[in-house]
Amino acid sequence: MIFGVPLQALMGQLLVGLINGSFYALLSLGLAVIFGLLRVINFAHGAQYMLGAFIALLLLTVGGINYWFALILSPLIVGLLAAVVERTMLSRLYKLDHLYGLLFTFGLALAIEGTFRYFFGASGKPYAPPAQLTGAVNLGFMFLPIYRGWVVIASLIVCIGTWLMIEKTKLGAYLRAATENPTLVQSFGVNVPLLLTLTYALGAALAAFAGVLAAPVYQVSPLMGSNLIIVVFAVVVVGGMGSILGAIVTGYMLGVVEGLTKVFYPEASNIVIFVIMAIVLVLRPAGLFGKDA
Amino acid sequence: MNGRLLDVSDLHAWYGESHVLHGVNLHVNEGEMICILGRNGMGKTTTLRTIMGILRKRQGKIAFAGQDMMSVPLHKTARAGLGFVPEERGIFATLSVEENLMLPPQVADGGMSVDEIYALFPNLKERRNSPGTKLSGGEQQMLAMARILRTGARCLLLDEPTEGLAPVIIQAIGDVLKKLKQRGMTVVLVEQNFRFAAKVADRFYLMDHGQMIAEFPVADLPRQMDMLHSELGV
(Lines give C-alpha, C1' and ligand atoms only; values in the text may rest on other atoms or scores of the structure.)
Protein backbone atom coordinates (compact mmCIF):
# COMPACT_ATOMS: atom_id res chain seq x y z
CA MET A 1 0.00 0.00 0.00
CA ILE A 2 1.24 3.50 -0.88
CA PHE A 3 -0.74 6.40 0.63
CA GLY A 4 -3.54 3.91 1.24
CA VAL A 5 -3.60 2.76 -2.39
CA PRO A 6 -2.77 -0.85 -3.29
CA LEU A 7 0.52 -1.12 -5.18
CA GLN A 8 -1.19 -3.05 -7.99
CA ALA A 9 -3.74 -0.27 -8.55
CA LEU A 10 -1.08 2.40 -8.40
CA MET A 11 1.19 0.62 -10.88
CA GLY A 12 -1.75 -0.18 -13.14
CA GLN A 13 -2.69 3.49 -13.39
CA LEU A 14 0.94 4.50 -13.78
CA LEU A 15 1.14 2.16 -16.76
CA VAL A 16 -2.09 3.55 -18.22
CA GLY A 17 -0.65 7.03 -17.70
CA LEU A 18 2.58 6.06 -19.38
CA ILE A 19 0.70 4.59 -22.36
CA ASN A 20 -1.46 7.69 -22.70
CA GLY A 21 1.70 9.73 -22.27
CA SER A 22 3.29 7.79 -25.13
CA PHE A 23 0.50 8.93 -27.45
CA TYR A 24 0.57 12.47 -26.06
CA ALA A 25 4.35 12.64 -26.61
CA LEU A 26 4.21 11.31 -30.19
CA LEU A 27 1.33 13.56 -31.17
CA SER A 28 2.61 16.68 -29.44
CA LEU A 29 6.05 16.06 -30.95
CA GLY A 30 4.51 16.13 -34.44
CA LEU A 31 2.55 19.27 -33.61
CA ALA A 32 5.64 20.96 -32.17
CA VAL A 33 7.74 20.10 -35.23
CA ILE A 34 5.09 21.56 -37.54
CA PHE A 35 4.46 24.65 -35.44
CA GLY A 36 8.17 25.28 -34.94
CA LEU A 37 8.93 25.65 -38.62
CA LEU A 38 5.63 26.34 -40.38
CA ARG A 39 4.00 28.40 -37.59
CA VAL A 40 0.84 26.46 -38.37
CA ILE A 41 -1.32 25.16 -35.53
CA ASN A 42 -2.17 21.88 -37.22
CA PHE A 43 -5.74 21.13 -36.25
CA ALA A 44 -5.70 18.24 -38.74
CA HIS A 45 -3.27 16.38 -36.48
CA GLY A 46 -6.00 14.33 -34.81
CA ALA A 47 -7.43 13.43 -38.22
CA GLN A 48 -3.96 12.37 -39.41
CA TYR A 49 -3.65 10.17 -36.31
CA MET A 50 -7.04 8.62 -37.11
CA LEU A 51 -6.00 8.25 -40.76
CA GLY A 52 -2.92 6.31 -39.64
CA ALA A 53 -5.06 3.85 -37.70
CA PHE A 54 -7.62 3.49 -40.51
CA ILE A 55 -4.96 2.92 -43.16
CA ALA A 56 -3.48 0.17 -40.97
CA LEU A 57 -6.96 -1.36 -40.68
CA LEU A 58 -7.59 -1.11 -44.43
CA LEU A 59 -4.15 -2.51 -45.24
CA LEU A 60 -5.01 -5.51 -43.08
CA THR A 61 -8.60 -6.07 -44.18
CA VAL A 62 -8.24 -5.22 -47.87
CA GLY A 63 -4.60 -5.99 -48.61
CA GLY A 64 -3.84 -8.58 -45.94
CA ILE A 65 -0.85 -6.49 -44.87
CA ASN A 66 0.07 -7.14 -41.27
CA TYR A 67 0.71 -4.77 -38.36
CA TRP A 68 4.49 -4.59 -38.77
CA PHE A 69 4.34 -3.50 -42.40
CA ALA A 70 1.44 -1.16 -41.57
CA LEU A 71 3.59 0.47 -38.90
CA ILE A 72 5.93 1.59 -41.69
CA LEU A 73 3.53 1.93 -44.64
CA SER A 74 0.77 3.88 -42.93
CA PRO A 75 3.00 6.79 -41.74
CA LEU A 76 4.57 6.87 -45.22
CA ILE A 77 1.16 7.10 -46.91
CA VAL A 78 -0.12 9.75 -44.49
CA GLY A 79 3.17 11.66 -44.80
CA LEU A 80 2.84 11.60 -48.59
CA LEU A 81 -0.77 12.80 -48.45
CA ALA A 82 0.27 15.56 -46.04
CA ALA A 83 3.08 16.61 -48.40
CA VAL A 84 0.54 16.95 -51.22
CA VAL A 85 -1.78 18.99 -48.98
CA GLU A 86 1.10 21.25 -47.91
CA ARG A 87 2.37 21.82 -51.45
CA THR A 88 -0.98 22.39 -53.09
CA MET A 89 -2.94 24.19 -50.36
CA LEU A 90 -1.31 24.99 -47.03
CA SER A 91 1.74 26.66 -48.60
CA ARG A 92 -0.54 29.27 -50.17
CA LEU A 93 -1.47 30.50 -46.70
CA TYR A 94 2.02 31.14 -45.26
CA LYS A 95 1.99 34.81 -46.22
CA LEU A 96 -1.34 35.35 -44.47
CA ASP A 97 -2.10 35.56 -40.75
CA HIS A 98 -1.48 32.31 -38.82
CA LEU A 99 -5.21 32.12 -38.17
CA TYR A 100 -5.77 31.08 -41.80
CA GLY A 101 -3.53 28.04 -41.39
CA LEU A 102 -5.41 27.07 -38.26
CA LEU A 103 -8.79 27.49 -39.99
CA PHE A 104 -7.63 25.53 -43.02
CA THR A 105 -6.37 22.58 -40.98
CA PHE A 106 -9.51 22.71 -38.83
CA GLY A 107 -11.63 22.46 -41.98
CA LEU A 108 -9.41 19.68 -43.30
CA ALA A 109 -9.85 17.73 -40.04
CA LEU A 110 -13.63 18.05 -40.23
CA ALA A 111 -13.63 16.97 -43.90
CA ILE A 112 -11.45 13.91 -43.24
CA GLU A 113 -13.38 12.84 -40.15
CA GLY A 114 -16.73 13.45 -41.85
CA THR A 115 -15.70 11.37 -44.85
CA PHE A 116 -14.61 8.46 -42.67
CA ARG A 117 -17.75 8.70 -40.57
CA TYR A 118 -19.82 8.54 -43.76
CA PHE A 119 -18.11 5.40 -44.99
CA PHE A 120 -17.34 3.60 -41.72
CA GLY A 121 -19.87 4.93 -39.20
CA ALA A 122 -19.03 6.40 -35.81
CA SER A 123 -18.59 3.14 -33.94
CA GLY A 124 -15.11 1.75 -33.58
CA LYS A 125 -13.67 -1.22 -35.35
CA PRO A 126 -11.34 -3.68 -33.62
CA TYR A 127 -7.75 -4.17 -34.73
CA ALA A 128 -6.03 -7.16 -33.18
CA PRO A 129 -2.50 -6.76 -31.86
CA PRO A 130 0.15 -8.80 -33.68
CA ALA A 131 0.51 -12.38 -32.48
CA GLN A 132 4.05 -11.69 -31.20
CA LEU A 133 2.75 -9.04 -28.81
CA THR A 134 -0.29 -10.75 -27.30
CA GLY A 135 -0.44 -11.92 -23.69
CA ALA A 136 0.97 -10.39 -20.56
CA VAL A 137 4.04 -10.57 -18.34
CA ASN A 138 3.74 -11.10 -14.60
CA LEU A 139 5.84 -8.39 -12.94
CA GLY A 140 5.04 -9.68 -9.46
CA PHE A 141 2.92 -6.73 -8.44
CA MET A 142 0.91 -6.58 -11.67
CA PHE A 143 0.40 -8.16 -15.09
CA LEU A 144 1.85 -6.04 -17.90
CA PRO A 145 0.10 -6.54 -21.26
CA ILE A 146 2.97 -7.03 -23.71
CA TYR A 147 1.42 -4.84 -26.40
CA ARG A 148 1.12 -1.89 -23.99
CA GLY A 149 4.74 -2.29 -23.00
CA TRP A 150 5.60 -2.22 -26.72
CA VAL A 151 3.63 1.01 -27.18
CA VAL A 152 5.75 2.72 -24.52
CA ILE A 153 9.01 1.38 -25.99
CA ALA A 154 8.09 2.20 -29.61
CA SER A 155 7.01 5.70 -28.65
CA LEU A 156 10.24 6.28 -26.72
CA ILE A 157 12.34 5.04 -29.65
CA VAL A 158 10.58 7.28 -32.16
CA CYS A 159 10.56 10.33 -29.86
CA ILE A 160 14.25 9.99 -28.99
CA GLY A 161 15.12 9.23 -32.62
CA THR A 162 13.26 12.33 -33.82
CA TRP A 163 14.87 14.47 -31.13
CA LEU A 164 18.33 13.18 -32.08
CA MET A 165 17.60 13.84 -35.75
CA ILE A 166 16.66 17.43 -34.96
CA GLU A 167 19.49 18.09 -32.50
CA LYS A 168 22.39 16.14 -33.97
CA THR A 169 22.09 16.04 -37.75
CA LYS A 170 22.63 18.55 -40.53
CA LEU A 171 18.98 18.26 -41.56
CA GLY A 172 18.02 19.03 -37.96
CA ALA A 173 20.34 22.06 -37.97
CA TYR A 174 18.56 23.30 -41.12
CA LEU A 175 15.23 22.80 -39.37
CA ARG A 176 16.31 24.66 -36.24
CA ALA A 177 17.88 27.48 -38.22
CA ALA A 178 14.89 27.78 -40.56
CA THR A 179 12.64 28.00 -37.50
CA GLU A 180 14.55 31.15 -36.51
CA ASN A 181 15.14 32.81 -39.89
CA PRO A 182 13.86 30.91 -42.95
CA THR A 183 14.80 33.66 -45.41
CA LEU A 184 18.44 33.67 -44.35
CA VAL A 185 18.62 29.87 -44.48
CA GLN A 186 17.17 30.02 -47.98
CA SER A 187 19.76 32.62 -48.94
CA PHE A 188 22.42 30.05 -47.97
CA GLY A 189 21.15 27.78 -50.73
CA VAL A 190 18.83 25.57 -48.68
CA ASN A 191 15.53 24.74 -50.36
CA VAL A 192 13.32 25.95 -47.52
CA PRO A 193 9.99 25.36 -49.33
CA LEU A 194 11.00 21.71 -49.67
CA LEU A 195 12.03 21.69 -46.00
CA LEU A 196 8.57 22.99 -45.07
CA THR A 197 6.91 20.23 -47.08
CA LEU A 198 9.09 17.54 -45.51
CA THR A 199 8.45 18.94 -42.03
CA TYR A 200 4.69 18.86 -42.46
CA ALA A 201 4.96 15.34 -43.85
CA LEU A 202 7.14 14.29 -40.90
CA GLY A 203 4.69 15.75 -38.36
CA ALA A 204 1.76 14.00 -40.03
CA ALA A 205 3.72 10.73 -40.29
CA LEU A 206 4.42 10.88 -36.53
CA ALA A 207 0.67 11.28 -35.93
CA ALA A 208 -0.03 8.33 -38.24
CA PHE A 209 2.59 6.22 -36.44
CA ALA A 210 0.81 6.99 -33.15
CA GLY A 211 -2.47 6.03 -34.85
CA VAL A 212 -1.16 2.60 -35.89
CA LEU A 213 0.22 2.05 -32.38
CA ALA A 214 -3.17 3.04 -30.94
CA ALA A 215 -5.23 0.82 -33.23
CA PRO A 216 -4.94 -2.36 -31.11
CA VAL A 217 -5.29 -0.41 -27.82
CA TYR A 218 -8.38 1.64 -28.67
CA GLN A 219 -11.02 0.99 -31.29
CA VAL A 220 -10.25 2.35 -34.78
CA SER A 221 -12.85 5.07 -35.06
CA PRO A 222 -13.31 8.26 -37.12
CA LEU A 223 -13.54 10.21 -33.86
CA MET A 224 -10.46 8.76 -32.15
CA GLY A 225 -8.37 11.77 -33.15
CA SER A 226 -10.81 14.51 -32.23
CA ASN A 227 -11.21 12.94 -28.77
CA LEU A 228 -7.47 13.18 -28.18
CA ILE A 229 -6.36 16.31 -29.99
CA ILE A 230 -7.56 18.87 -27.45
CA VAL A 231 -5.54 17.15 -24.71
CA VAL A 232 -2.53 17.08 -27.04
CA PHE A 233 -2.83 20.80 -27.71
CA ALA A 234 -2.80 21.34 -23.94
CA VAL A 235 0.37 19.22 -23.74
CA VAL A 236 2.04 21.33 -26.43
CA VAL A 237 1.10 24.55 -24.63
CA VAL A 238 2.47 23.25 -21.31
CA GLY A 239 5.70 22.08 -22.99
CA GLY A 240 6.13 25.32 -24.91
CA MET A 241 4.82 25.90 -28.43
CA GLY A 242 7.38 24.61 -30.90
CA SER A 243 9.68 23.09 -28.25
CA ILE A 244 10.63 19.56 -29.34
CA LEU A 245 12.05 18.49 -25.99
CA GLY A 246 9.15 20.19 -24.21
CA ALA A 247 6.61 18.24 -26.26
CA ILE A 248 8.25 14.89 -25.51
CA VAL A 249 8.94 15.37 -21.79
CA THR A 250 5.59 17.04 -21.11
CA GLY A 251 3.74 14.36 -23.07
CA TYR A 252 5.00 11.56 -20.84
CA MET A 253 4.85 13.67 -17.69
CA LEU A 254 1.22 14.73 -18.15
CA GLY A 255 0.22 11.18 -19.08
CA VAL A 256 1.64 9.96 -15.78
CA VAL A 257 0.09 12.86 -13.84
CA GLU A 258 -3.27 12.04 -15.39
CA GLY A 259 -2.82 8.36 -14.44
CA LEU A 260 -1.90 9.19 -10.85
CA THR A 261 -4.86 11.56 -10.59
CA LYS A 262 -7.10 8.62 -11.50
CA VAL A 263 -5.73 6.82 -8.44
CA PHE A 264 -5.83 9.61 -5.89
CA TYR A 265 -8.69 11.82 -7.10
CA PRO A 266 -10.47 10.19 -10.04
CA GLU A 267 -13.03 12.99 -10.36
CA ALA A 268 -10.27 15.37 -11.49
CA SER A 269 -8.54 13.03 -13.94
CA ASN A 270 -10.31 14.49 -17.00
CA ILE A 271 -9.42 18.06 -16.16
CA VAL A 272 -6.02 17.84 -14.49
CA ILE A 273 -4.09 18.48 -17.73
CA PHE A 274 -6.15 21.59 -18.47
CA VAL A 275 -5.72 22.87 -14.91
CA ILE A 276 -1.95 22.44 -15.30
CA MET A 277 -2.13 24.22 -18.67
CA ALA A 278 -3.96 27.17 -17.10
CA ILE A 279 -1.42 27.41 -14.27
CA VAL A 280 1.52 27.21 -16.70
CA LEU A 281 -0.02 29.84 -18.98
CA VAL A 282 -0.38 32.21 -16.05
CA LEU A 283 3.07 31.62 -14.56
CA ARG A 284 5.17 30.85 -17.67
CA PRO A 285 3.25 31.81 -20.81
CA ALA A 286 5.99 30.41 -23.07
CA GLY A 287 5.55 26.96 -21.48
CA LEU A 288 7.93 24.88 -19.37
CA PHE A 289 10.48 24.48 -22.17
CA GLY A 290 9.55 27.50 -24.31
CA LYS A 291 12.20 29.95 -25.48
CA ASP A 292 11.01 32.86 -23.39
CA ALA A 293 10.59 30.84 -20.21
CA MET B 1 41.20 43.01 -63.05
CA ASN B 2 39.33 40.27 -64.88
CA GLY B 3 35.94 40.58 -66.57
CA ARG B 4 32.67 41.56 -64.98
CA LEU B 5 31.37 39.03 -62.47
CA LEU B 6 28.28 40.92 -61.36
CA ASP B 7 26.44 43.30 -63.64
CA VAL B 8 23.37 45.17 -62.43
CA SER B 9 21.49 47.51 -64.70
CA ASP B 10 18.36 49.60 -64.29
CA LEU B 11 17.38 47.71 -61.15
CA HIS B 12 14.11 48.73 -59.54
CA ALA B 13 12.64 47.27 -56.35
CA TRP B 14 9.55 47.74 -54.24
CA TYR B 15 8.57 47.10 -50.61
CA GLY B 16 4.89 46.47 -51.14
CA GLU B 17 3.70 49.54 -53.03
CA SER B 18 6.71 51.62 -52.03
CA HIS B 19 9.19 52.08 -54.88
CA VAL B 20 12.63 51.99 -53.19
CA LEU B 21 15.24 51.37 -55.91
CA HIS B 22 14.99 53.65 -58.93
CA GLY B 23 17.20 52.14 -61.61
CA VAL B 24 20.42 51.06 -59.88
CA ASN B 25 23.41 50.47 -62.15
CA LEU B 26 26.60 48.89 -60.89
CA HIS B 27 29.13 46.28 -61.87
CA VAL B 28 31.86 44.36 -60.09
CA ASN B 29 34.86 42.81 -61.80
CA GLU B 30 36.17 39.45 -60.72
CA GLY B 31 38.49 39.84 -57.71
CA GLU B 32 37.41 43.44 -57.16
CA MET B 33 36.12 44.96 -53.92
CA ILE B 34 33.60 47.73 -54.42
CA CYS B 35 31.94 49.78 -51.73
CA ILE B 36 28.49 51.35 -51.82
CA LEU B 37 28.43 54.51 -49.74
CA GLY B 38 25.41 56.53 -48.73
CA ARG B 39 23.44 57.89 -45.84
CA ASN B 40 20.89 55.84 -43.92
CA GLY B 41 17.79 54.92 -45.87
CA MET B 42 19.23 55.59 -49.34
CA GLY B 43 18.80 51.96 -50.48
CA LYS B 44 22.21 50.37 -49.88
CA THR B 45 20.96 47.36 -47.93
CA THR B 46 17.97 47.07 -50.24
CA THR B 47 20.34 46.91 -53.21
CA LEU B 48 22.14 43.92 -51.70
CA ARG B 49 18.89 42.19 -50.71
CA THR B 50 17.52 42.74 -54.21
CA ILE B 51 20.66 41.42 -55.92
CA MET B 52 20.54 38.38 -53.61
CA GLY B 53 16.89 37.78 -54.46
CA ILE B 54 15.55 38.23 -50.94
CA LEU B 55 13.47 41.15 -52.15
CA ARG B 56 11.49 39.57 -54.98
CA LYS B 57 9.43 42.51 -56.21
CA ARG B 58 12.03 43.80 -58.63
CA GLN B 59 12.64 44.77 -62.25
CA GLY B 60 15.75 45.32 -64.35
CA LYS B 61 18.73 43.13 -65.01
CA ILE B 62 21.06 41.23 -62.71
CA ALA B 63 23.69 39.08 -64.38
CA PHE B 64 26.11 37.00 -62.34
CA ALA B 65 28.93 35.20 -64.13
CA GLY B 66 26.93 35.73 -67.31
CA GLN B 67 23.78 34.12 -65.88
CA ASP B 68 20.52 36.07 -65.67
CA MET B 69 19.55 36.00 -61.99
CA MET B 70 16.16 37.72 -62.16
CA SER B 71 14.12 34.52 -62.35
CA VAL B 72 16.41 32.41 -60.16
CA PRO B 73 14.74 31.44 -56.85
CA LEU B 74 16.43 32.56 -53.63
CA HIS B 75 17.86 29.17 -52.68
CA LYS B 76 19.47 28.84 -56.11
CA THR B 77 21.10 32.30 -55.95
CA ALA B 78 23.57 31.04 -53.36
CA ARG B 79 24.26 27.98 -55.49
CA ALA B 80 25.17 30.26 -58.38
CA GLY B 81 27.99 31.64 -56.20
CA LEU B 82 26.60 34.72 -54.44
CA GLY B 83 27.00 34.82 -50.66
CA PHE B 84 25.16 37.29 -48.44
CA VAL B 85 26.23 38.47 -44.97
CA PRO B 86 23.37 40.53 -43.52
CA GLU B 87 23.82 43.61 -41.38
CA GLU B 88 22.10 41.92 -38.44
CA ARG B 89 24.52 38.98 -38.91
CA GLY B 90 21.81 36.34 -38.59
CA ILE B 91 23.57 34.11 -36.08
CA PHE B 92 21.23 31.30 -35.05
CA ALA B 93 20.61 31.13 -31.30
CA THR B 94 19.76 27.42 -31.23
CA LEU B 95 22.98 26.46 -33.04
CA SER B 96 26.52 26.34 -31.67
CA VAL B 97 29.29 28.39 -33.27
CA GLU B 98 30.47 25.36 -35.22
CA GLU B 99 26.92 24.43 -36.27
CA ASN B 100 26.43 28.01 -37.49
CA LEU B 101 29.71 27.76 -39.38
CA MET B 102 28.83 24.46 -41.01
CA LEU B 103 25.21 25.36 -41.79
CA PRO B 104 25.41 26.82 -45.32
CA PRO B 105 25.86 24.08 -47.90
CA GLN B 106 29.04 24.13 -49.96
CA VAL B 107 28.08 25.56 -53.35
CA ALA B 108 31.41 25.20 -55.17
CA ASP B 109 34.98 24.09 -54.75
CA GLY B 110 37.48 26.66 -53.62
CA GLY B 111 35.88 27.63 -50.32
CA MET B 112 38.00 27.91 -47.22
CA SER B 113 38.51 24.79 -45.14
CA VAL B 114 37.44 24.84 -41.51
CA ASP B 115 41.12 24.90 -40.48
CA GLU B 116 41.75 27.93 -42.71
CA ILE B 117 38.73 29.67 -41.24
CA TYR B 118 39.86 28.98 -37.68
CA ALA B 119 43.33 30.28 -38.60
CA LEU B 120 41.71 33.46 -39.93
CA PHE B 121 39.31 33.78 -36.97
CA PRO B 122 41.05 32.19 -33.95
CA ASN B 123 38.32 33.41 -31.55
CA LEU B 124 35.79 31.22 -33.29
CA LYS B 125 37.91 28.12 -32.76
CA GLU B 126 38.15 28.80 -29.05
CA ARG B 127 34.39 29.18 -28.80
CA ARG B 128 33.33 26.57 -31.33
CA ASN B 129 30.96 24.81 -28.89
CA SER B 130 29.35 27.95 -27.45
CA PRO B 131 25.87 28.99 -28.55
CA GLY B 132 26.24 31.36 -31.51
CA THR B 133 24.48 34.25 -29.81
CA LYS B 134 26.83 34.13 -26.79
CA LEU B 135 29.55 35.63 -28.98
CA SER B 136 30.41 39.32 -28.85
CA GLY B 137 29.18 41.56 -31.69
CA GLY B 138 32.58 41.40 -33.39
CA GLU B 139 32.80 37.63 -33.08
CA GLN B 140 29.28 37.30 -34.48
CA GLN B 141 30.30 39.42 -37.46
CA MET B 142 33.33 37.21 -38.02
CA LEU B 143 31.19 34.08 -37.77
CA ALA B 144 28.66 35.53 -40.23
CA MET B 145 31.49 36.16 -42.73
CA ALA B 146 33.27 32.88 -42.01
CA ARG B 147 30.28 30.68 -42.74
CA ILE B 148 29.95 32.17 -46.24
CA LEU B 149 33.68 31.87 -46.95
CA ARG B 150 33.43 28.11 -46.35
CA THR B 151 30.80 27.66 -49.06
CA GLY B 152 32.94 28.50 -52.07
CA ALA B 153 30.87 31.57 -52.96
CA ARG B 154 32.63 33.67 -55.62
CA CYS B 155 31.13 36.98 -54.61
CA LEU B 156 30.45 38.21 -51.10
CA LEU B 157 27.67 40.74 -50.47
CA LEU B 158 28.68 42.27 -47.16
CA ASP B 159 26.25 44.58 -45.42
CA GLU B 160 27.75 47.08 -42.95
CA PRO B 161 30.21 44.71 -41.29
CA THR B 162 31.56 47.38 -38.92
CA GLU B 163 28.17 48.53 -37.63
CA GLY B 164 28.28 48.95 -33.86
CA LEU B 165 31.74 47.44 -33.39
CA ALA B 166 34.72 48.68 -31.36
CA PRO B 167 37.66 50.20 -33.32
CA VAL B 168 39.96 47.28 -32.56
CA ILE B 169 37.39 44.83 -33.99
CA ILE B 170 36.84 47.05 -37.03
CA GLN B 171 40.58 46.89 -37.68
CA ALA B 172 40.51 43.09 -37.39
CA ILE B 173 37.65 42.91 -39.91
CA GLY B 174 39.60 45.22 -42.21
CA ASP B 175 42.56 42.82 -41.99
CA VAL B 176 40.30 39.91 -42.89
CA LEU B 177 38.92 41.79 -45.90
CA LYS B 178 42.47 42.52 -47.10
CA LYS B 179 43.29 38.81 -46.85
CA LEU B 180 40.13 37.95 -48.80
CA LYS B 181 41.20 40.41 -51.46
CA GLN B 182 44.59 38.74 -51.68
CA ARG B 183 42.78 35.43 -52.23
CA GLY B 184 40.93 36.99 -55.16
CA MET B 185 37.50 37.13 -53.52
CA THR B 186 35.02 39.51 -55.15
CA VAL B 187 33.25 41.69 -52.59
CA VAL B 188 30.37 44.16 -52.66
CA LEU B 189 30.64 46.09 -49.43
CA VAL B 190 27.93 48.35 -48.07
CA GLU B 191 29.41 50.69 -45.54
CA GLN B 192 28.72 53.97 -43.80
CA ASN B 193 32.17 54.00 -42.24
CA PHE B 194 33.86 55.73 -45.14
CA ARG B 195 37.33 55.76 -43.55
CA PHE B 196 37.19 52.00 -43.04
CA ALA B 197 36.02 51.40 -46.60
CA ALA B 198 38.76 53.62 -48.03
CA LYS B 199 41.39 51.17 -46.73
CA VAL B 200 39.96 48.11 -48.47
CA ALA B 201 37.81 49.06 -51.48
CA ASP B 202 39.03 49.41 -55.08
CA ARG B 203 36.11 51.44 -56.29
CA PHE B 204 33.20 53.36 -54.79
CA TYR B 205 29.58 53.98 -55.65
CA LEU B 206 27.66 56.73 -53.96
CA MET B 207 23.97 56.10 -53.48
CA ASP B 208 21.21 58.59 -52.99
CA HIS B 209 17.43 57.99 -52.97
CA GLY B 210 17.62 54.55 -54.58
CA GLN B 211 20.09 55.45 -57.33
CA MET B 212 23.83 55.51 -57.85
CA ILE B 213 24.80 59.15 -58.24
CA ALA B 214 28.56 58.77 -58.53
CA GLU B 215 31.21 56.15 -59.22
CA PHE B 216 34.95 56.60 -58.76
CA PRO B 217 38.07 54.51 -58.14
CA VAL B 218 39.96 54.69 -54.86
CA ALA B 219 42.70 56.75 -56.58
CA ASP B 220 40.14 59.55 -57.17
CA LEU B 221 39.18 59.69 -53.53
CA PRO B 222 41.02 62.95 -52.71
CA ARG B 223 39.20 64.71 -55.57
CA GLN B 224 35.81 63.46 -54.38
CA MET B 225 36.11 64.57 -50.78
CA ASP B 226 33.96 67.68 -51.17
CA MET B 227 31.13 65.66 -52.65
CA LEU B 228 31.48 63.01 -49.94
CA HIS B 229 31.42 65.71 -47.29
CA SER B 230 28.18 67.10 -48.63
CA GLU B 231 26.54 63.72 -49.29
CA LEU B 232 27.72 61.79 -46.27
CA GLY B 233 28.60 64.48 -43.80
CA VAL B 234 32.06 62.94 -43.26
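This note goes through the two chains of a predicted model, their contact, and some local features.

1. Basis of the note. The model is predicted, and local features need a pLDDT of at least 70, side-chain atom pairs count only at pLDDT 80 or more, and totals for chains, interfaces and linings use all residues. Residues are numbered from 1 along each chain as its sequence is written, while chains are lettered from A and ligands numbered from 1 in the order in which they are written.

2. Overall form of chain A. The secondary structure of chain A comes to eleven helices and two strands, where helices (H or I, at least four residues) and strands (E, at least two) are DSSP runs numbered from the N terminus. Read from the N terminus, the order of the elements is α-α-α-α-β-β-α-α-α-α-α-α-α. The radius of gyration of chain A, 19 Å, is close to the 19 Å that the globule rule gives for 293 residues, so chain A is as compact as a globular protein of that length; this radius is taken over C-alpha atoms, and the rule is 2.2 Å times the number of residues to the power 0.38. Along the principal axes, the C-alpha atoms of chain A fill a box of roughly 60 × 50 × 35 Å.

3. Burial and contacts in chain A. Of the 293 residues of chain A, 50% count as buried, a residue being buried if 20 or more other C-beta atoms lie within 10 Å of its own, exposed if 12 or fewer, and partly exposed in between, with C-beta atoms placed from the backbone. Among contacts in chain A between residues at least 6 apart in sequence, 76% join residues at least 24 apart; two residues are in contact if their C-beta atoms, placed from the backbone, lie within 7 Å.

4. Helix α8 of chain A. With 23 residues, α8(A) reaches 33 Å from its first C-alpha to its last, close to the 33 Å expected at 1.5 Å a residue, the expected span being 1.5 Å times one less than the number of residues. Because 21 of its 23 residues are buried, α8(A) is largely enclosed by the rest of the structure.

5. The packing of α3 on α8 in chain A. The axes of helix α3 (residues 67-88) and helix α8 (residues 192-214) of chain A come within 7 Å and cross at roughly 145°; axes are lines fitted to C-alpha atoms, for helices over the stretch in contact, and angles run from 0 to 180 degrees between N-to-C directions. Residues that make this contact include L71(A), L76(A) and L80(A) of α3(A), and Y200(A), A204(A) and F209(A) of α8(A). By class, the contact has 17 nonpolar, three polar and two charged residues, where Ala, Val, Leu, Ile, Met, Phe, Trp, Tyr, Cys and Pro count as nonpolar, Asp, Glu, Lys and Arg as charged, and the others, Gly among them, as polar.

6. The contact between the chains. Chain A gives 14 residues to the contact and chain B gives 18 residues. On the side of chain A that touches chain B, the elements that give two or more residues are α6 (170-180) and α7 (182-187) of chain A. That side of chain A has six nonpolar, six polar and two charged residues.

7. Overall form of chain B. Chain B has nine helices and ten strands. Its radius of gyration is 17 Å, which agrees with the value near 17 Å for a compact globule of 234 residues. The C-alpha atoms of chain B fill a box of roughly 45 × 40 × 35 Å along the principal axes, and 43% of its 234 residues count as buried.

8. Helix α9 of chain B. Between its end C-alpha atoms, helix α9 (residues 221-232) of chain B spans only 14 Å, whereas a straight helix of twelve residues would span 16 Å at 1.5 Å a residue. The helix α9(B) is hardly covered, as the count of buried residues among its twelve residues is zero. M225(B) lies in this helix and counts as exposed, because it has 12 C-beta neighbours inside 10 Å.

9. Backbone points to check in chain B. Most residues other than glycine have a negative phi. A65(B) is not a glycine, yet it has a positive phi of about 50°; it lies in the loop between β4 (58-64) and β5 (67-68) of chain B and counts as partly exposed, with 16 C-beta neighbours inside 10 Å. R89(B), also a residue other than glycine, has a positive phi near 75°; it is found in the loop between β6 (82-85) and α3 (97-102) of chain B and counts as buried, with 22 C-beta neighbours inside 10 Å.
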